[in-house]
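Here are my notes on the model you sent over, point by point. Have it open on your screen as you read.

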Amino acid sequence: MNKTYKWGILGAARIAQKFAEGLKLLPNAERYAVASRSWERAKVFQENHGFVKAYGSYEEMLADPELDIVYIATTNNLHFEHTMMCLEAGKAVLCEKPFASDLSQAEQMVNKSREKNVFLMEALWSRFIPSMIQFKAQVESGAIQRPLLLQCNFGFISPFDPYNRIYDPALGGGSIPDIGIYPIFTAMYLFGKPEKIEVMSVAAPTGTDWTTSVLFKHKKKEISMLTSSFEMILDNEARVYGEGGYLKLHSMFHMPTRLTLRTNDGRETEIPVNLSGNGYNYEAAEVMDCLDKGLIESPDLPHAFSVDLMRVLDEVSRKAQKSF
């Protein structure tokens with residue numbers, strides 16, 4: 001790392017607080033600015049998390065010439081608008097998942113990044129967490145011989161409230177964009193884009209998806225069985241079964257966690273994983289490493305992956321609506 005980067009956070013919601021905690025571990029990350037539509041809220045966030053400046057408008061923060069990188073922490077429906085604002089201002093962007101509301105928006109964001117020659121990455125933090133990286137490495141090493149099946153679930157009980165953002169279609173609510181993205185990402189990370197997609201879904205009263213199960217078939221005939229739900233507590237694990245056994249990312253699989261291998265002879269082995277911090281530090285470190293190298297996208301989470309992921313999420317969402 002060659003430079004200390006001044007980070008700004010756009011939006012002061014709970015996810016922004018977690019990200020700010022992750023930044024504290026990185027010596028080359030300065031907690032520089034936070035912006036909210038409420039100056040009072042930004043000021044409280046600044047004081048609680050050790051930021052240098054607080055702004056009562058996003059535009060004011062983006063006009064700050066000292067600012068290097070913006071983490072976008074607003075609701076799903078605003079990711080496109082706020083990413084485009086930042087890129088137009090020449091600020092590197094780490095945009096919270098999902099990248100956008102649909103494929104068209106994602107493609108426009110990538111085109112703007114390239115037009116402005118400004119860094120852009122989706123904040124899919126799981127991609128950079130050591131336990132997830134080791135999970136894929138073990139699959140590719142042949143630890144379970146030929147991989148055949150991924151089972152991956154993410155579910156918890158969230159009592160229905162039409163005013164909660166996860167149930168509000170205007171705010172990009174629904175289990176698919178909010179938590180279903182993690183099993184879908186995991187499947188694509190391990191096996192690539194699905195060649196066939198089947199979906200069954202149950203609707204919440206507001207019309208967002210409440211519970212959705214997805215079945216993928218991939219290029220090398222691997223199957224992914226994926227479920228997301230706000231109606232029930234699921235095991236929140238990821239398991240890849242192969243001809244020689246299975247690998248398990250323990251709950252919560254999308255976060256820093258344990259990894260075990262169980263072979264067909266019944267032996268179970270803990271796979272060592274070095275972890276530090278709350279996990280958000282890894283994606284922030286990736287952004288700064290890319291900026292050190294003069295890149296506008298991450299080789300490990302390139303624009304093309306986020307666009308492909310958005311394309312799959314769009315199809316899953318369309319098929320979910322049809323199945324209601």
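**Notes on the pockets, the cavity and the backbone**

1. Let's start with the largest pocket, which holds about 910 Å³ of space. Bear in mind that this is a predicted model. There are 33 residues lining this pocket, and those closest to its centre are Ala 13, Arg 14, Ile 15, Arg 165 and Asp 178. Two elements give two or more residues to the lining: helix H1 (14-23) and helix H7 (175-191). Sorted by class, the lining of the largest pocket comes out as 15 nonpolar, 10 polar and eight charged residues.

2. Next, the second largest pocket, with a volume of about 430 Å³. Its lining has 24 residues, and the ones nearest the centre are Ser 101, Gly 172, Gly 173, Pro 177 and Ser 317. H7 turns up here too: H7 and helix H9 (303-323) are the elements that give two or more residues to this lining. H9 gives the most, with seven residues.

3. How many cavities of 30 Å³ or more does the structure hold? The count is one. The largest cavity has about 50 Å³ of space. You can find it by selecting its lining residues: Ile 176, Gly 180, Pro 183, Ile 184, Thr 212, Val 214, Leu 226, Thr 227, Ser 228 and Val 316. At least two residues of that lining come from each of H7, strand E9 (209-218) and strand E10 (223-229), and H7 gives the most, with four. In the lining of the largest cavity, six residues are nonpolar, four are polar and none is charged.

4. Now for a helix pair. Helix H4 (residues 79-88) packs with helix H5 (residues 103-116) at an angle of about 5°, and their axes are 10 Å apart. On the H4 side, Phe 80, Thr 83, Met 84, Leu 87 and Glu 88 make the contact, while H5 brings Gln 105, Gln 108, Met 109, Lys 112, Ser 113 and Lys 116. By class, the residues of this contact are four nonpolar, four polar and three charged.

5. Lys 97 and Pro 98 are joined by a cis peptide bond, with omega at about -10°. You'll find Pro 98 in the loop between strand E5 (92-96) and H5. Another cis peptide bond joins Ser 251 and Met 252, where omega is about -5°. Met 252 sits in the loop between strand E12 (245-249) and strand E13 (259-263).

6. One for the phi angles: Lys 221 isn't a glycine, yet its phi is positive, at about 75°. Look for Lys 221 in the loop between E9 and E10. Those two strands are also among the elements lining the largest cavity.

7. Finally, the overall picture. The protein has nine helices and 14 strands. Its C-alpha atoms fill a box of roughly 60 × 45 × 35 Å along the principal axes. For 324 residues, a compact globule would have a radius of gyration near 20 Å, and the protein's 20 Å agrees with that.

How values were computed
Residues are numbered from 1 along each chain as its sequence is written. This is a predicted model: local features need pLDDT of at least 70, side-chain atom pairs count only at pLDDT 80 or more; totals for chains, interfaces and linings use all residues. Side-chain values use heavy atoms; hydrogens and water are left out. Axes are lines fitted to C-alpha atoms, for helices over the stretch in contact, and angles run from 0 to 180 degrees between N-to-C directions. Contact means heavy atoms within 4.5 Å. Ala, Val, Leu, Ile, Met, Phe, Trp, Tyr, Cys and Pro count as nonpolar, Asp, Glu, Lys and Arg as charged, and the others, Gly among them, as polar. On a 1 Å grid over the protein atoms alone, a cavity is a set of points where a 1.4 Å probe fits but cannot get out, and a pocket is an open set with protein on both sides within 12 Å along at least five of seven lines; lining residues have an atom within 4 Å of a point. Grid points are joined across faces, edges and corners, and a volume is the space filled by probe spheres set on the points. The radius of gyration is taken over C-alpha atoms; the globule rule is 2.2 Å times the number of residues to the power 0.38.
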